[in-house]
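Here is a friendly walk through one model, taken a strand and a helix at a time. Please keep the structure open beside the text as you read.

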Amino acid sequence: CSNWRNYEAELQRCRPEAAPVEFGDYHPLKPIMVTDTKSRRGARKGSTSSSSSSSSSAPADPLSSMLDGTDPLSMFAAASVSEAPAMTHSREKEEEVVGPDFEPWSSKRGEILARFTTTEKLSINLFMGSDKGKTCGCILDLPVCMCVQGSQRELLNLSQQDYANRIEELNQSLKEAWASDQKVKALKIVIQCSKLLSDTSVIQFYPSKFVLITDILDTFGRLVYDRIWTMCSDPRPLPDSFTVDDVNDTAKETCLNWFFKIASIRELLPRLYVEAAILKCNRFLNKTGIQETLPRLTAMIRGIGDPLVAAYTRAYLCRVGMEVAPHLKDSLNRNFFDLLGTFRQVSGESVQNQLVQQRVEVPEYLTLYSPAINWILQCIAYRAPEPLLTEMMERCKKLGNNALLLNSVMRAFRPEFVAARATDFIGMIKDCDEAGFPKHLLFGSLGRSLACADPPESERLTILNEAWKVVTKVRSPQVEYRCYDYICDHTFYYVSITFIHLSFISRSQKREVNTVLADIIKHMTPDRAFEDAYPQLQSVIRKILTYFQDFSVLFSMERFLPFLDMFQKDSVRVEVCRSIMEVFIKHQVELTRDPVILNAMLHICKTMHDSVNALTLEDEKRSLALLIIGFIRMVSFGRDFEQQLSFCVEARATFCNLEPVLVQLIHTVNQLAMETCRVMRGSHSRKTAAFVRACAAYSFITIPSLSSIFSRLSLYLLSGQVALANQCLSQADAFLKAAVGILPDVPRSISVEGKLRSSESFLLDFINNFLATLLVVPDHPEHGVLYLVRGLLNMVQDYTWEDNSDAKVRVYVSALPLLAAMSQETYLYSIPKVDSNETLYGGDPKFLSEINKLCETLIGQILDNLKALGRDESTRRQGALAFSLFGVLLAHGDLRNNKLSQLAVNLWNLCHKHGYCETGISVRTLEYIKHQAQQHDMTHLTDTVQRLALQSRT
Amino acid sequence: LEIVLDYIFKRCCFCVQEVVAGVILLVCKEALQHHGISLSMEGLVNLQLSSKSVGVFEAFYNSVKPIQLISSNIEVAKAGKVPAGKTEIPFEFPLITKGNKVLYETYHGVFVNIQYTLRCDMKRSLLAKDLSRNCEFIVHCQPQKAKVVPTPVNFTITPDTLQNIRERSSLPKFLIRGHLDATNCVISQPLTGEVVVENSDVAIKSIELQLVRVETCGCAEGYARDATEIQNIQIAEGDVCHGLAIPIYMVFPRLFTCPTLETTNFKVEFEVNIVIVLHDDHLITENFPLKLCRV
């Protein structure tokens, strides 16, 4: 009962008239051009306001306005460029303000805390005094006299963590005291805390103690400043750039009172620290307060006898100074010169006695200075003019040329500066006074700078050789390692990086780097020293990867893989493999078959794959799979298809736990089969036929191991299509049969991106796709007519669809066009060299009647369903369904058949009965039918049209 | 019934011959009936003999009685009612004495106290208690007209320069040099100078500045002179670097210092001691009398 179709003619008819599209005229995605912006921009240039796009008359398209450079950011940039020369003259102060390129203290904090640790027992000696301070009739908010008489509290035997907790508790109680208006108590807490800084009893912990306690001081400084600030913010808040004149008398008096109070603190160290903490408050009192206080405090630090305590006090002062008045460079320099001046104390008797007492070695003691000195130098070197740095360098040289200082200088100064003077520095390193500070550490620091900036071309080789000489002498790291592990791991890493860098820029890369790697392996293997240096070794790998992007060179370095073997902790190992893979995917442009690369990469990917276990997170698995897929896609053996297939076999065995990889492998193999087909121009030789069958077999046995039912389904279908295209009929049959076979297993809901969703729409999509393929699949000689179609429909019937769903009927409706297409003399499409049913049956009436029978059954089923829907009062669904069946009948049915045309009319009426049909669609359908009726041998439609009444809903 | 009686001063301290101005602040929840509010101002010098002196000078026990410098009384409000809420009553007192009495600067010492107070009394009906509140305010004496010419003092301390020691031979060798920028100091400005430890056989433990007041009370019959510490400021801690100048810096604490004072009945003078504590607990002190003034 299906319509005879002439696809060619239909296609001709359907083709729209060729209307040349004029490109460039109009495109919906093209940005709206604002043509008047040019003139406008000139006028706006001077102003700094950024009211750009909103003021333009054209429709505000934020993207297009960005394109022509009027967005606030680029405007600002443009403005700053044009104003730059003016700024250097008029606003010199502005320029000196700390920019984002200044590494803030907060970033150093954590590092120091992690580095300077101790297992010794610590103690906090708090001398809190009684809370009933003698009131001395002061009319201000603080009694001027501080009577420190009261209980002394000593906490002994604290572990480091306890200590940190105690300090945090103090920080809390400071805030609480402040909030409850107990200013004196707050001050006492701060004083007692800063007093702790004069205690150097567990000296290894001192830098960390400094960090913890200065946190409290910072809190205090902030509290005081904020309080005074709010005192003068009545009636309106002070602007940020307030002057002394904006501050009222009460605020000034309170502020002054704080300073008086602090000035009467007995001990030097708390007095210094607390005054430094509230340095910023000088702004309330007078213009030059900070300017005068900083040098005074700097000078006062000279009174601190212990050089370590003094160095840290200087660091704190510099820190506060940088924050409050970054333009006052002089006191920074002053601090450093004083530091240099007192540096000889380090080797003095008091210090030495202390070290003996605490059983601390000199080199370890010296490293305690590095955070403080580094910080001071960083403050000085920040945007410092070249001559100043040179002067600093000279001064260091003159004052004993101490290794520790040299080290800090190299770390604090700009890498470009250091790199440009690399030869000088090497000279200094060579004749510096070692004083327990190993020289290779100095090379480490030098290396750090050189890793960021290149030394002059001509000096490179000399530097490499010089440095090499020193480093090769460091032969017993494991001994040193245990003593000062901090120094060593860092150094070793920087030294190594330097060499890699140097070798690279001296263009003698591969051999040198290989040597360096060999050396690292040699140093790190004894005593499993590498276990403590994973981060450093990882950095070495990263550095190598930035230089070697040609993987054939990289893997041909014979020490590279042994180097990788040093990463024996699983998580680190995977991390390293991952970074290598990332670089590989990013930089490997050409497909490769290089056995060196393949072997190494397989090894790396296997490592990643093997790290997957039951506890691995989904995301982790996904990203690993993506990386491995990236690798698989880069492998190509060119015309050697068999090799490629065997690679896939190997890969399947290796990566069996990662499903996405398996999917990719099946795609690769399918592609391989199609590639073979292309090469053979569609007709396979015996050999290639066997090969493509092997490919099909590969897919066939791989697919069942996937757990996702939809990837299985779509892969079966895809592989079936590929098999069909390669004339492997029985394989194609098997694929499709397998697909039909697993249909009942499709769960009713699947999880998509973590949410449970109905699988119905996916399943419908798949079935429609499947039906489209079935048109070209020839029937199996041993099975009955339309074996697969029947099988599919049976499965559909038996499948437990969701309640209240028309999915089943929809499948039936969409099966009708297939059956109609199958009954044509020539099929809509076919596969070259595969005979479809059209040729097999040659329009045999028996075949056609089979189809007709099937159609009748289907239509019967659909109509039953429609009736049932009518009973259930779900008339909307009924209408929609009836309309889709009407559409199918109209398109594919032969309406000359009276029964059919009557059915169509009935359906039309049914779907308009309840008025759920969209009038627009109905009208268009009618027009279409009228249009069709004008066609040759379609005149019968005219009758039908006349019987189709259009009901207006009103 | 809750009543808060308080003062708000226009300024924190007042100069002699100025006007003490401010407001009396009354906060009450309900209207308050009273029989008059009065305000009195008084300036007093309290002298006290130290316990060790008392035995010797019992004879003139009676002569040590407070010396009144200034006193005045005004009625702020006649009997009436204070409305509920916040009431501010402004007041003014001139700081001018009758006759040739001199107003001294506020000073809190041990044996000499110079204090200015303001007392507000509110008389109330028989059933309710009278309200009263005392408050001290600070008075600065008039700045001196003459310019202060700084008188720098250099000092050198070695074992040989010390007096008052028993065994000179047991002393370790040291040489400490330094200077004070001035011994006639302006009270609002810090005491400054430098000290340099040129060398020392024994490590230094601490260098401190000890500010000392010397109070003398007396009359025709005799006098008692006592020196007590006001504050002790550490300027160096631990074994300081030799040859490096360490700043001497001390702010004169308010209330506890005043311009050096010399009257017929009492004297208030100040001294500073530079105290060097050696690691073997030897104590080396160098004394400098100061003359404080206000400009």
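In strand S10 of chain B, Asn113(B) is the bridge partner of His108(B). Before going further, a word on conventions: this is a predicted model, in which local features need pLDDT of at least 70, side-chain atom pairs count only at pLDDT 80 or more, and totals for chains, interfaces and linings use all residues. Residues are numbered from 1 along each chain as its sequence is written, chains are lettered from A and ligands numbered from 1 in the order in which they are written, and side-chain values use heavy atoms, with hydrogens and water left out.

**Around strand S10 of chain B**

Helices (H or I, at least four residues) and strands (E, at least two) are DSSP runs, numbered from the N terminus. Two strands pair if DSSP finds at least two bridges between them. S9(B) and S10(B) form a hairpin, with three residues between them. S10(B), residues 112-122, is mostly covered, as eight of its 11 residues are buried; buried means under 20% relative accessible area, exposed over 50%, and partly exposed in between (1.4 Å probe, protein chains only).

| Partner of S10(B) | Sense | Bridges |
|---|---|---|
| S5(B), residues 37-47 | antiparallel | 11 bridges |
| S9(B), residues 107-108 | antiparallel | two bridges |
| S11(B), residues 131-140 | antiparallel | seven bridges |

Leu44(B) stands opposite Gln115(B) of S10(B). Towards S11(B), Leu118(B) faces Cys135(B), and Arg119(B) stands opposite Asn134(B). S11(B) also pairs with strand S2 of chain B (residues 13-15), and these two run parallel, joined by three bridges. There, Cys13(B) has Ile138(B) in S11(B) as its bridge partner.

**An open sheet in chain B**

Another place to look is an open sheet of four strands in chain B, with the order S12-S13-S15-S18 and antiparallel pairing. S12 (153-157) and S18 (245-250) of chain B are the edge strands; each has a single partner strand, so one side of each has no neighbour in the sheet. On average, neighbouring strands of this sheet are turned by 20° against each other, direction ignored; axes are lines fitted to C-alpha atoms, for helices over the stretch in contact, and angles run from 0 to 180 degrees between N-to-C directions. S12(B) and S13(B) (residues 174-180) run antiparallel and are joined by five bridges. Across from Thr156(B) is Arg177(B) in S13(B).

**Chain A and its helix H18**

Chain A has 46 helices and four strands. Of its 954 residues, 51% count as buried. Contact means heavy atoms within 4.5 Å. Among contacts in chain A between residues at least 6 apart in sequence, 74% join residues at least 24 apart.

How far apart are the end C-alpha atoms of helix H18 of chain A? They are 18 Å apart, which agrees with the 18 Å that its 13 residues (386-398) should span at 1.5 Å a residue; the expected span is 1.5 Å times one less than the number of residues. The buried residues of H18(A) include Leu388(A), Leu389(A), Met392(A), Met393(A) and Cys396(A). They cover an arc of only 140° around the axis, which puts them on the same side of H18(A); the arc is that of the directions from the helix axis to the C-beta atoms. An α-helix has 3.6 residues a turn, so residues three or four places apart point the same way. Pro387(A) and Lys398(A), on the other side of H18(A), are exposed. The cover over the buried residues of H18(A) includes helices H15 (329-342), H17 (362-381), H19 (403-412), H20 (415-420) and H21 (422-431) of chain A.
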